[in-house]
Every structure is written in structure tokens, then in C-alpha cells.
Amino acid sequence: MENKALKYYFFILFSLIPISILIGPAMSLSNIILIDLSFLIFALLSKKNIFILNHTTKMLFLLYFYLIFNSIISQDFLTSAPRNFGFIRFIILFFAFNYFFKDNKYFNNIFYLWTLILLIVAFDIFIERFTGTNILGYGAEYVDGVLQSGGNRVVSFFKDEPIVGGYVNAFYLMIVGFLFECNKNTSNNHKKIFLLISVFFLISILLTGERSNAIKALMGFIVFYYLNDNFTLKNKLLFIISFVIIITFSISKSEFLKLRYGHQLLHPILNQLKSNDKKIDKSKVSGSEYINHYSSAIEVFKNYPIFGVGTKNYRVETCNNQSNIKYACSNHPHQILFEFLAEHGLIGSIISIFILFNLIFTKFGTILRSKNFIQIGCLVYLFFLFTPLLPSGAFFADYNLNLFWINLALMYSVGKKTNIYLFNELKVK
């Protein structure tokens, strides 16, 4: 980049991404829009051709055109249009990441700041779990007002939303991958420290009480280190066994963890199996609320099987038609795949999921061969995001879209053979 002031300006904007998400949706939206507008102005003034058309970018625009179509045919256009039309910001963000993260030294400094931010958040989770409030005093109000009887979840800097586990899960593998990537020639002792840091992040996710994110994080951790060639297979197996023992012991010694991962996770599964007995009333089965949401989403899908009710229209359908006893009024079905079926139908789901999976997995072989651990961390996170049946937030909500597209954009931008600008330069040569 020619202009140092411009480089520093974008460095600040990219560095603020994790902090802006912590502050709230308005701040994160403002930060992304500022990056996008600044990038477009930069391209206009410098007369650079930033919009490269290749397979990847064609997929991005195809997804955008489909979402516009989804708004047109949705039940309530005004409900879905802002989210679908506004999706263009993530495409521009994707281009901005790829353009500015071509320079290793540039993104290294950003990653150091992101690492510091994530460490602070993880420490804050431990503080809130063992003291009741985080360093800003958040937590007590949420516990008293919403969840009681030992079922309280950590909110950390999110103040009144128990989503910090998903936040750490979205960043910790790319951060650990960065530590391995920029220290490839370091000693084994340093690599063991990076391993312990990842364990620290993983335990912090476990302590939040967010069961779905904890399961995804644990599976991601195992796959990430299976693909990590810094350790022998013997060491990997020994560590995983030791880690499972430590986690099991920790859960057995904590009433909160036993409640969240035992009584509220395993017991409902066993009870649901028992509920196959017609003598048992399924509505009284513990943990059946998610099953009710899934059943409701299937009912919406049955009524709108082709293209669904439209993005963000699930709540319009289920809350405005409560005469249908099979509906559960909610903003979303609490599971990504059921959300796609209900809001996009069979055809829409096939189109959107095909494009997303195409963007994620067409680079699978290239990433594994390059052994770029930042990319591997992002890839693993994106893969387990679509884990069937596990509860999740709404995929097309701003918070989850931010985390998804940050990982996808980084996965492409930090690799020489995946960055859309570097790859184009290689083709020209």
C-alpha cells in the first residue's frame, strides 16, 4: 500500500472489528459500513479495479441476487428486504479483507491486537463465572432477572445476552492458528504454550454454559489439532485423553456445569428417547423446547415447501398464525438447517447452501496442502457451524453473519492461492 496514513486508517478499522461486536450490533454495523465505504472511496480515487470476477466472486454475487429474489417473494417484503439487500456489505467486506490482507506484516499486527482482545474476553469469562459479575459489573442483573437455580450463563461484555461463548468460538481457532503460523520455526516449548492457550479458550467457552457452542468448539479443537502437524499422533492422542479426563473431572466438581451439561443436556436426550413410549406426555419432557422449535420449523416448511416464507419472516408466520397449534412463536427456529428450510424452502435452501458450501469447501484441498493454520482454523469453525440438530442463533442475524463472514473472508485473504487478488496476479504471470 502506497500511503502510510491510508494503511494506518484501515489498520484501525480492521482492528476494531472484535471490539465493535462486543459493544453491540449498531457499532459493529457502523464499523463494517465504514470499512466498505472507505474501501469504495479508496478504489474510486485510486482508480483501481477492485472488483475481480472469478469463480469465488461470482458465487458471492449469485448469493446476493438470490437473497434479493427471496425478499421479493417473501411474505413480508419490508421485513426481509433490509437484511437481504443489506447483505451487499459482506461482499464488499470480503473484497476489502482480500485487498488489505495481502501483506503479511499488515495483518500480523491486526492479529496481535485480536489475540489480546480475545484473551481479555476469556479472562473476563473466568472472572464472571467465579465471582458472579464480569470486570464491568455485568452478569448479576441477568442472573437474577432471567436464569436462576444455578442455570445462569455468562454474559461477559455482552451485558444481557448469553452469546459470549459463540464469540470466543468464532475467533479462538483463527487466533491459535495465527500463533502457529507466525511461529513455524519456533521451539516445541512455544508450540505447547500455544496448545495451552487454545485449551484456555476452550475451557472459557465451556464455562459460559452455552452447550451448543461448547460442543462445536470441542469438535473444532479436536479436528484442528488432528490437522496440525506440529505434534506427533501419539502426543495428540495422549493430550486428547488427558483433556477429556480434565473436562469430565471439572464438570463433576461444578454444580453449574453438571446442571448445564448433565441435567439439561444428557437427561433431555434420554428422556426424549423414553418419550417414544406413548404412555409418556412428550410436552412434559425436559428440554423439549428445542424439539418444539424444530417441529414448528418443519410445519412452516410443509406449508411453504418451495421457497419458504422469506428471510426473517419465520416470526411473521409463526407469531401471526397462532391458531396453528403446531407453530411455536419465535424469531427463528434455533437451528441453522431448520431455519433454511422454513425461510427458504427446499429450492431456496439448495441454492443458498450450495453456494455457501461451494465457497467454503472448494478451497479445502488448497488450504490443507498449504498448511496455513489461520485458514485451517477458519475452515474448521465454518464446517462445524452447520452441525445438524445442535441449537444455534439465526444465521441471517447480524451477529452471526458478522462472525461467519469474518471467518470466510480471512480464510480466503491470508492465503497466496486463495486470496482473490494474489490468485489473479499469479494467473496473469
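The following dialogue explains how to read several features of this predicted model.

Colleague: How many helices and strands are in the protein chain?

Modeller: Helices (H or I, at least four residues) and strands (E, at least two) are DSSP runs, numbered from the N terminus. The protein chain here has 21 helices and zero strands.

Colleague: What share of the residues is buried?

Modeller: A residue is buried under 20% relative accessible area, exposed over 50%, and partly exposed in between (1.4 Å probe, protein chains only). Of the 429 residues in the protein chain, 52% are buried. Accessible areas come from the Shrake-Rupley method with a 1.4 Å probe, and for residues only the protein chains shown count as cover. The accessible surface of the protein chain is about 20300 Å², and 65% of that surface belongs to carbon and sulfur atoms.

Colleague: Which residues have the most contacts inside the largest nonpolar core?

Modeller: In soluble globular proteins, nonpolar side chains tend to be buried together. A nonpolar core is a set of buried Ala, Val, Leu, Ile, Met, Phe, Trp, Tyr and Cys residues joined through side-chain atoms within 4.5 Å. The largest one in this structure has 110 residues, and F14, F39, W114, Y167, Y172 and W405 have the most contacts inside it. Helix α9 (residues 164-181) gives the most to this core, with 13 residues. A second, separate core of eight residues includes Y294, A297, V309 and Y314.

Colleague: What does F14 contact, leaving aside its neighbours within four places in sequence?

Modeller: Contact means heavy atoms within 4.5 Å. With those neighbours left aside, the partners of F14 include I35, A96, F97, F100, F101, Y106, I110 and W114. For the protein chain, among contacts between residues at least 6 apart in sequence, 74% join residues at least 24 apart.

Colleague: Where is F61 found, and which residues does it touch?

Modeller: F61 is found in helix α4 (residues 55-73). Not counting residues up to four places away in sequence, F61 touches F51, I88, I91 and F95. F61 and I88 are 27 residues apart in sequence, yet 8.5 Å apart in space, C-alpha to C-alpha. F61 counts as partly exposed because its relative accessible area is 22%.

Colleague: Is S80 buried or exposed?

Modeller: S80 is buried, because its relative accessible area is 0%. This residue lies in helix α5 (residues 77-85). Residues up to four places away in sequence not being counted, S80 touches S71, S74, T311 and N313.

Colleague: Which residues make the nonpolar surface patch?

Modeller: Patches are made of residues with over 30% relative accessible area and no salt bridge; like charges are joined within 9 Å, and nonpolar side chains (Val, Leu, Ile, Met, Phe, Trp, Tyr) within 5 Å. Here L29, I33, L37, L40, I41, L45 and F51 make a nonpolar patch of about 610 Å². One of these residues, I33, is in helix α3 (residues 25-46). I33 is partly exposed, because its relative accessible area is 36%.

Colleague: How many salt bridges are found, and where?

Modeller: A salt bridge is a side-chain nitrogen of Lys or Arg within 4 Å of a carboxyl oxygen of Asp or Glu. A search of the whole structure finds two. In one, D398 pairs with R89, and the closest N and O atoms are 2.8 Å apart. This pair links distant parts of the chain, with D398 in helix α20 (residues 398-413) and R89 in helix α6 (residues 88-100), 309 residues apart. D398 is partly exposed at 25%, whereas R89 is buried at 11% relative accessibility. K371 also forms a salt bridge, with D229, at 3.1 Å between the closest N and O atoms.

Colleague: Which cysteines does the disulfide join?

Modeller: A disulfide is a pair of cysteine sulfur atoms within 2.5 Å. The count by this rule is one, and the disulfide joins C319 to C329, S to S 2.0 Å. The link is right-handed, with 95 degrees about the S-S bond.

Conventions:
Residues are numbered from 1 along each chain as its sequence is written. This is a predicted model: local features need pLDDT of at least 70, side-chain atom pairs count only at pLDDT 80 or more; totals for chains, interfaces and linings use all residues. Side-chain values use heavy atoms; hydrogens and water are left out.
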